[in-house]
Amino acid sequence: MTNEYGYAGKILKVDLSQGSLEDLPTVEIADRFIGGRGFAAKIYWDGESSEAKAYDPQNRLIFVNGPLAGFAGLAGSRWQVCGKSPGITPEFFSYANFGGSWGAWLKFAGYDGVVIEGTSEKPVYLLIQDGKAEIKDASSLLSLIHI
């Protein structure tokens, strides 16, 4: 279900340090910021700490799509990953644009974006399904990783 601007209506904020989830309504910014990159820039600059380095827990990693993600008429499925990049000096807000179906599936699951901050003391994964999200224990999945 989308709102009048073509968005699912919420962005998921995940704090791994606290193990908490919060839905942020997109309608409050959709009329002033365009698309996923606009949303990500707003979220980033509203909470950016100039002291935080790219790999610090305070640096948020933002996964976001735009109003055309999942729109069958245009086959729109672009999405972005945004945050403070270690690849530029000085470290600064940056973004990468992706294709594929992930952005559309995020919208189909009920979200326009996911903002991740903090660190978890144990391995976890994020399950997003039917407009609801859960942080789940991923310890049992470690045996599947061959490094």
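Predicted model: local features only at pLDDT ≥ 70, side-chain atom pairs only at ≥ 80, totals over all residues.
Local features need pLDDT of at least 70 and side-chain atom pairs count only at pLDDT 80 or more, while totals for chains, interfaces and linings use all residues. Residues are numbered from 1 along each chain as its sequence is written, and side-chain values use heavy atoms, with hydrogens and water left out.

The largest nonpolar core holds 13 residues. Such a core is a set of buried Ala, Val, Leu, Ile, Met, Phe, Trp, Tyr and Cys residues joined through side-chain atoms within 4.5 Å. Buried means under 20% relative accessible area, exposed over 50%, and partly exposed in between (1.4 Å probe, protein chains only). Phe39, Ala40 and Ile62 touch the most other members of this core. Helix 1 (35-47) and strand 3 (61-65) are the elements that give it two or more residues. Helix 1 supplies the largest share, four residues. Helices (H or I, at least four residues) and strands (E, at least two) are DSSP runs, numbered from the N terminus. Beyond its neighbours within four places in sequence, Ala40 is in contact (heavy atoms within 4.5 Å) with Ile62, Val64, Cys82 and Phe93. A second, separate core has nine residues, among them Phe63, Val81, Leu106 and Ala133. In soluble globular proteins, nonpolar side chains tend to be buried together.

Strand 7 (residues 124-129) and strand 8 (residues 132-137) pair in the antiparallel sense over six bridges. Pairing requires that DSSP finds at least two bridges between two strands. Leu127 stands opposite Glu134 in strand 8. The hairpin of strand 7 and strand 8 has two residues between the strands, and Asp130 takes a positive phi near 55° there.

On the surface, Trp45, Ile88 and Phe92 form a nonpolar patch with about 300 Å² of accessible area together. Patches are made of residues with over 30% relative accessible area and no salt bridge; like charges are joined within 9 Å, nonpolar side chains (Val, Leu, Ile, Met, Phe, Trp, Tyr) within 5 Å. Areas come from the Shrake-Rupley method with a 1.4 Å probe, and for residues only the protein chains shown count as cover. Phe92 lies in strand 5 (residues 92-98). Phe92 is partly exposed, at 45% relative accessible area.

Ile34, in the loop between strand 2 (20-25) and helix 1, is exposed at 78% relative accessibility. Ala52, in the loop between helix 1 and strand 3, is buried at 7%. Ala52 touches Gln58 and Lys84, residues up to four places away in sequence not being counted. Ala52 and Lys84 are 32 residues apart in sequence and 8.8 Å apart in space, C-alpha to C-alpha.

The model contains six salt bridges, each a side-chain nitrogen of Lys or Arg within 4 Å of a carboxyl oxygen of Asp or Glu. One of them joins Lys10 and Asp23, with the closest N and O atoms 3.7 Å apart. Lys10 lies in strand 1 (residues 10-15) and Asp23 in strand 2, so this pair ties together parts 13 residues apart in sequence. Lys13 and Glu117 meet at 3.9 Å, N to O. Lys13 belongs to strand 1 and Glu117 to strand 6 (residues 113-117), so parts 104 residues apart in sequence are tied together. Lys13 is partly exposed at 27%, whereas Glu117 is buried at 16%.
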